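Let's work through some exercises on charged pairs, rings and strands. Try each task yourself before you read the solution.

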Amino acid sequence: MMNKKRLSIAAIAVCGAMLIAHIGFTVAWYNGSSSLAVYNFDITLADKELDISTDNEEFKPELTREDLEEWIPKRYRPVSSAFSDEWLDQKSEQPQFTSFYYGEPEKLAYNSFTDVGVVNEGYFQKELYLRCDSYAKVSIDMERSYVKSDTETNKKTAEKLHDRVYPSKSVEEIEENLNKIEKSLRFSLLVLNDTGKEVGDDYNYQIFDPFKNGSTNLGGVLDTDLNGYYDSYKGKEVIYGEVALPEGDSTLVHRNTVNEEDDLGPSNSSDCFVANHQKNVQPLDIASSVSNGMSIKEEEALSHDHFEDFSFTLQENVSKKIVLSIYIEGWDRDNVNYTMYSSFLTSICFKLADGGNGGN
């Protein structure tokens, strides 16, 4: 049997705050609010010495809330890994996440890094250091790493929301929506070079999506002000996100036919991805635009079954710096306004892969 050693970063419970007064939204991704609580996680260590540290000085077999409290965000907000090549090419020592879109459109395409900018809050991010007493290969423990809804807390929250915020929705329907939080959660690891000893090109980044089902496009049409219609500019619908347009705006193909009826259709105030085409506005033809050269970046994330495909090596008694981020992916279609009240649990656990015999 493979000799494994597991190291748990933390079991993290995120509890949504009840911001009852905050009902109106004017951004593509909600201004949610939540608090992050980190608890101990019981583990058993094998015969090799694998430890973790927040400061590269004091090493422990696990981290608790007390160790991480300084970096716990007061508010969780949806962000995105879109345009990550911008900072990866520069070999930044910290991942950079982009923010939401807001305001009246003033052009047809918001498809550059400068259109959104970097957001420095609303997610968990901390530099950590791993160390082993021998050369070893480390990976994510698939069996003990997860993000999942806190169904018990969400049930209680749904009852309160039914009374105070969504009286027209059933408790069961609200609860179902709250539990969707697990679908849009991500965690990522940025692996940096060995501290004190450079060994090859260790720089590596990976996103993990425990509930990955198909692909997540980091771009598309949006209803950013939640008025029931996809955003438009000068009679044509607008494209957002990490979208390549080889011929500029002329790459976009809009249909000549327009809605003659001013019908809100399926749109609702909880989802910026679902809206209707406004009367006298030309809809954006995504398929034809792709045929004309447009491409939308797909999120490069590993699904739960492939967590262990990602690994990195530790040199004997040489600490390696990594950056752990936990965030809500704003472009995930399950990221809707309901989930601003959600609670979730997550555990990130490392192990020695291949019996601790090292690797690439």
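**Exercise 1. How far apart are the closest N and O atoms of glutamate 121 and arginine 77, and which parts of the chain does the pair tie together?**

Solution, step by step:

- Start with the distance. In this predicted model, the closest N and O atoms of glutamate 121 and arginine 77 are 3.7 Å apart, and the two residues form a salt bridge. The cut-off for such a bridge is a nitrogen within 4 Å of a carboxyl oxygen.
- Recall the idea behind it: side chains of opposite charge can pair when their charged atoms come close.
- Next, locate the partners. Glutamate 121 lies in the loop between strand S6 (118-119) and strand S7 (124-132), and arginine 77 in the loop between helix H1 (65-68) and helix H2 (85-88), so the pair ties together parts that are 44 residues apart in sequence.
- Finally, check accessibility. Glutamate 121 has a relative accessible area of 47%, so it is partly exposed. Arginine 77, at 22%, also counts as partly exposed.

**Exercise 2. Which arrangement do the rings of tyrosine 110 and tyrosine 240 have, stacked or edge-to-face?**

Solution, step by step:

- Begin with the total: there are 13 aromatic pairs in the structure.
- Read off the geometry. The ring centres of tyrosine 110 and tyrosine 240 are 5.5 Å apart and their planes are at 20 degrees, so this pair is stacked. The cut-off for stacking is under 30 degrees.
- Find the strands: tyrosine 110 belongs to S5 (residues 109-110) and tyrosine 240 to S15 (residues 239-241), so the pair ties together parts 130 residues apart in sequence.
- Compare with another pair. Phenylalanine 312 and phenylalanine 350 are edge-to-face, with 6.4 Å centre to centre and 80 degrees between the planes. Both of these phenylalanines are buried.

**Exercise 3. In which order do the six strands of the open sheet follow each other, and which are the edge strands?**

Solution, step by step:

- Write down the order: S3-S7-S20-S10-S11-S18, with mixed pairing.
- Pick out the edges. Strand S3 (50-53) and strand S18 (301-303) each pair on one side only.
- Consider the angle: on average, neighbouring strands of this sheet are turned by 30 degrees against each other, direction ignored.
- Zoom in on one pairing. Strand S10 (residues 185-194) and strand S20 (residues 320-328) pair in the antiparallel sense over eight bridges. Leucine 190 has valine 323 in S20 as its bridge partner.

Methods
Residues numbered from 1 in each chain as written. Predicted model: local features only at pLDDT ≥ 70, side-chain atom pairs only at ≥ 80, totals over all residues. Heavy atoms only, no water. Phe/Tyr/Trp six-rings, centres within 6.5 Å; stacked < 30°, edge-to-face > 60°. Helix = DSSP H or I, 4+ residues; strand = E, 2+ residues; numbered from the N terminus. Buried < 20%, exposed > 50% of the residue type's maximum accessible area, 1.4 Å probe, protein only. Pairing = 2+ DSSP bridges. Axes fitted to C-alpha atoms, helices over the stretch in contact; angles between N-to-C directions. Salt bridge = Lys/Arg side-chain N within 4 Å of Asp/Glu carboxyl O.
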